[in-house]
Amino acid sequence: MSFLRRRSATPAGPDFDVLAMDPGDWPGNLGAGLLPAPDGSCQGVFLRYDLFGGRGPAMIIGNLPEGSPARDVAEGEVPFEVAQLLLALENDEEVTVTGTEDMPVMQGDNLMIVRRLKLSETRISCVQFDRSDNVLVTIAAWDRPITDDLYALLKPLPAELFQQG
C-alpha cells in the first residue's frame, strides 16, 4: 500500500500515518489514545469507536509501528487492542487466542493478507494485518462480526487529528 508510508516531518503526534475509519463516517463517539515511549516518541495509536452511547466501545482499531512493546504478546495472549476493549467494557474474564486463520482481502487495488484471530470469548471479533510501512493494524470489535466491507472504510487519518495544542 504505497499511500501508507512514514511522514518525513515530525508531528506532535505519531510519526506514521494512522489507518482507521474517518470519525466523520462514524455515528457514535470516538476517542483516541497514544502510546508514548520514555523518549517521547509515539509507540502506537488506538482509536475507540463507541456506538453504545457511553456504555462501552463497539470497536477498537490499533496502529502499532515496528518495535512497539505493545506488539510483543506471548503465545495465546490477546493483542493489546482486545485487552483495551475488555478493559473498557469492564469485562474481567480471561480471554485467550485459540487459533488464527489467514485470508486474502482486497482494499482498493491492494491485496492484504488478514489474520483472523479466534478467541475464547466468541463475542469478540479480531483481525490483524501488516501494512507496507511495517505498522501492525489490529481491529477488535464487540458483539459484531468484522466483514470485508469494513476494509473499504479504512483510510489514513490526517496528522492534525493527533497534534497537541
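The lining of the largest pocket divides by class into 9 nonpolar, 3 polar and 5 charged residues. Here Ala, Val, Leu, Ile, Met, Phe, Trp, Tyr, Cys and Pro count as nonpolar, Asp, Glu, Lys and Arg as charged, and the others, Gly among them, as polar. This is a predicted model, in which local features need pLDDT of at least 70, side-chain atom pairs count only at pLDDT 80 or more, and totals for chains, interfaces and linings use all residues. Residues are numbered from 1 along each chain as its sequence is written, and side-chain values use heavy atoms, with hydrogens and water left out.

**The pocket.** The largest pocket holds about 310 Å³ of space. Its lining comprises 17 residues, and V73, E77, P79, L117 and Q128 lie nearest the centre. At least two lining residues come from each of α1 (80-88), β5 (97-107) and β6 (110-119). A pocket is an open set of points on a 1 Å grid over the protein atoms alone, where a 1.4 Å probe fits, with protein on both sides within 12 Å along at least five of seven lines; lining residues have an atom within 4 Å of a point. Grid points are joined across faces, edges and corners, and the volume is the space filled by probe spheres set on the points.

**The fold.** The protein chain has 2 helices and 9 strands. Their order along the sequence is β-β-β-β-α-β-β-β-β-α-β. Both kinds of element are DSSP runs numbered from the N terminus: helices are H or I with at least four residues, strands E with at least two. Of the chain's 165 residues, 47% count as buried. Buried means under 20% relative accessible area, exposed over 50%, and partly exposed in between (1.4 Å probe, protein chains only). Among contacts between residues at least 6 apart in sequence, 50% join residues at least 24 apart. Contact means heavy atoms within 4.5 Å.

**Helix α1 and the cores.** In α1, the buried residues are F80, E81, V82, L85 and L86. Their cover includes β2 (29-36), β3 (42-50), β4 (59-64), β6, β7 (124-130) and β8 (136-142). The largest nonpolar core has 29 residues, of which M59, I61, I139 and Y151 touch the most other members. Another core lies apart from it, with 19 residues, including L85, V97, L117 and A140. Such a core is a set of buried Ala, Val, Leu, Ile, Met, Phe, Trp, Tyr and Cys residues joined through side-chain atoms within 4.5 Å. Beyond neighbours within four places in sequence, M59 contacts M21, W26, L47, R48, Y49, I139, A140, A141 and L150.

**Selected residues.** E90 sits in the loop between α1 and β5, just after α1, with phi about 55 degrees. D143 lies in the loop between β8 and α2 (148-153), with phi near 60 degrees. Most residues other than glycine have a negative phi. The table gives accessibility for these and three further residues.

| Residue | Relative accessible area | State |
|---|---|---|
| C42 | 12% | buried |
| E90 | 74% | exposed |
| Q107 | 7% | buried |
| C126 | 1% | buried |
| D143 | 54% | exposed |

Q107 belongs to strand β5. Q107 and K155 are 48 residues apart in sequence, yet 9.8 Å apart in space, C-alpha to C-alpha. The whole structure has 0 disulfides, a disulfide being a pair of cysteine sulfur atoms within 2.5 Å.
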